[in-house]
Amino acid sequence: MNFKHEINPEKLPQHVAIIMDGNGRWAKQKGKLRIFGHQNGVTAVRDTAEAAAEIGVKYLTLYAFSTENWNRPKIEVEALMTLLVATINKETTTLLKNDIKLETIGDTESLPEKCRKELAEAIEKTKHCKRMTLVLALSYSSKWEIINGFKNIAEKVKTGKINVDDIDENLIDEYLCTKNYPDPELMIRTSGEHRISNFLLWQLAYAEFYFTEKLWPDFSKDDFYQAILDYQKRERRFGKTSEQISNQ
Ligand code: IPE
Ligand code: IPE
Ligand code: MG
């Protein structure tokens with residue numbers, strides 16, 4: 001089934017965020033090691049980024065590695081970092097071909113030197129791209145981000161650069177890694193888990209959530225378009241009544 005043609009271009013989310021989950025289970029079902037699942041998840045990343053760019057989504061944020069994921073077995077963490085280096089290196093051409101700019105959020109300083117170098121190169125090479133921004137959340141956790149933001153704000157209050165009364169939603173937005181992006185209107189999580197796992201806690205305040213049983217390596221362009229269609233059927237009320245929204 002092709003869902004793409006059913007999408008209303010007038011009602012597109014500008015920013016979609018995805019928790020790409022289920023690689024390990026996908027591999028296990030096939031009697032393989034977890035890393036086999038991560039390797040196959042790369043295809044889904046490529047397809048989803050293309051799918052999003054094709055319909056005109058402006059920002060796609062993918063949760064690729066959480067702060068908590070550092071607690072996984074060393075062998076899996078190392079394999080993931082190696083895969084990240086190889087993927088960034090290989091996929092830069094795809095990004096350029098699709099006019100997609102790469103950016104990251106998270107504590108990227110904690111990534112191995114080789115990853116940082118590869119990422120910096122891809123970010124530099126794609127910085128002129130205009131069609132879509134692909135944001136990889138790497139060594140990211142929302143609580144880490146918020147703590148960091150609080151510390152920076154507190155420092156400025158201490159030195160008199162910010163007045164306590166100036167602290168509002170906009171100011172806090174400015175102190176988060178996502179300061180250059182609008183809040184996601186849609187958050188997708190694969191693999192049937194219904195939780196947020198420390199992802200964009202502040203930014204998802206009014207996002208629509210879409211959960212699918214599909215494991216990440218099986219997530220296709222059509223699955224992405226189905227999520228968009230589901231989003232387009234929803235009424236976003238922002239605290240108002242349905243009548244107020246339909247009279248707008
Ligand atoms: C998501 O898949 C990828 C990362 C968290 C890096 P998982 O590795 O969490 O797969 P499951 O949830 O164990 O199946
Ligand atoms: C969330 O997936 C992080 C990423 C997708 C990178 P996890 O699989 O690590 O989440 P939990 O720990 O099961 O909630
Ligand atoms: Mg998981």
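Mentor: On a 1 Å grid over the protein atoms alone, a pocket is an open set of points with protein on both sides within 12 Å along at least five of seven lines. A molecule sits in a pocket if more than half of its atoms lie within 2 Å of its grid points. Here, ligand 1 sits in the largest pocket, and the space taken by ligand 2 is the largest pocket. This is a predicted model, in which local features need pLDDT of at least 70 and side-chain atom pairs count only at pLDDT 80 or more, while totals for chains, interfaces and linings use all residues. Residues are numbered from 1 along each chain as its sequence is written, ligands are numbered from 1 and chains lettered from A in the order in which they are written, and side-chain values use heavy atoms, without hydrogens and water.

Trainee: Which helix gives the most to the shell around ligand 1?

Mentor: A residue is near a molecule if one of its heavy atoms lies within 4 Å of it. Helices (H or I, at least four residues) and strands (E, at least two) are DSSP runs, numbered from the N terminus. H1 gives the most, with 3 residues; H1 (23-29) and H2 (34-55) each supply at least two. The residues around ligand 1 include Arg-34, His-38 and Leu-80.

Trainee: Which side-chain atoms lie 2.8 Å and 2.7 Å from an oxygen atom of ligand 1?

Mentor: A polar contact is a pair of N or O atoms within 3.5 Å. The 2.8 Å distance belongs to a polar side-chain atom of Asp-21, and the 2.7 Å distance to one of Arg-72. The protein covers 87% of the 380 Å² of accessible area that ligand 1 has on its own, by the Shrake-Rupley method with a 1.4 Å probe.

Trainee: What surrounds ligand 2?

Mentor: Strand E2 (residues 59-66) gives the most to its shell, with 4 residues. Among the surrounding residues are Tyr-63, Phe-65 and Arg-189. An oxygen atom of ligand 2 is 2.6 Å from an N or O atom in the side chain of Ser-197. For Arg-72, a polar side-chain atom lies 3.3 Å from an oxygen atom of ligand 2. Of the 380 Å² that ligand 2 exposes when taken alone, the protein buries 78%.

Trainee: How many bridges join strand E5 to E6?

Mentor: Two strands pair if DSSP finds at least two bridges between them. E5 (residues 186-189) and E6 run parallel, joined by 4 bridges. Leu-186 has Glu-208 as its bridge partner in E6.

Notes:
A polar contact is a pair of N or O atoms within 3.5 Å; within protein, one must be able to donate a hydrogen and the other to accept it, and residues adjacent in sequence count only if both atoms are side-chain atoms. On a 1 Å grid over the protein atoms alone, a cavity is a set of points where a 1.4 Å probe fits but cannot get out, and a pocket is an open set with protein on both sides within 12 Å along at least five of seven lines; lining residues have an atom within 4 Å of a point.
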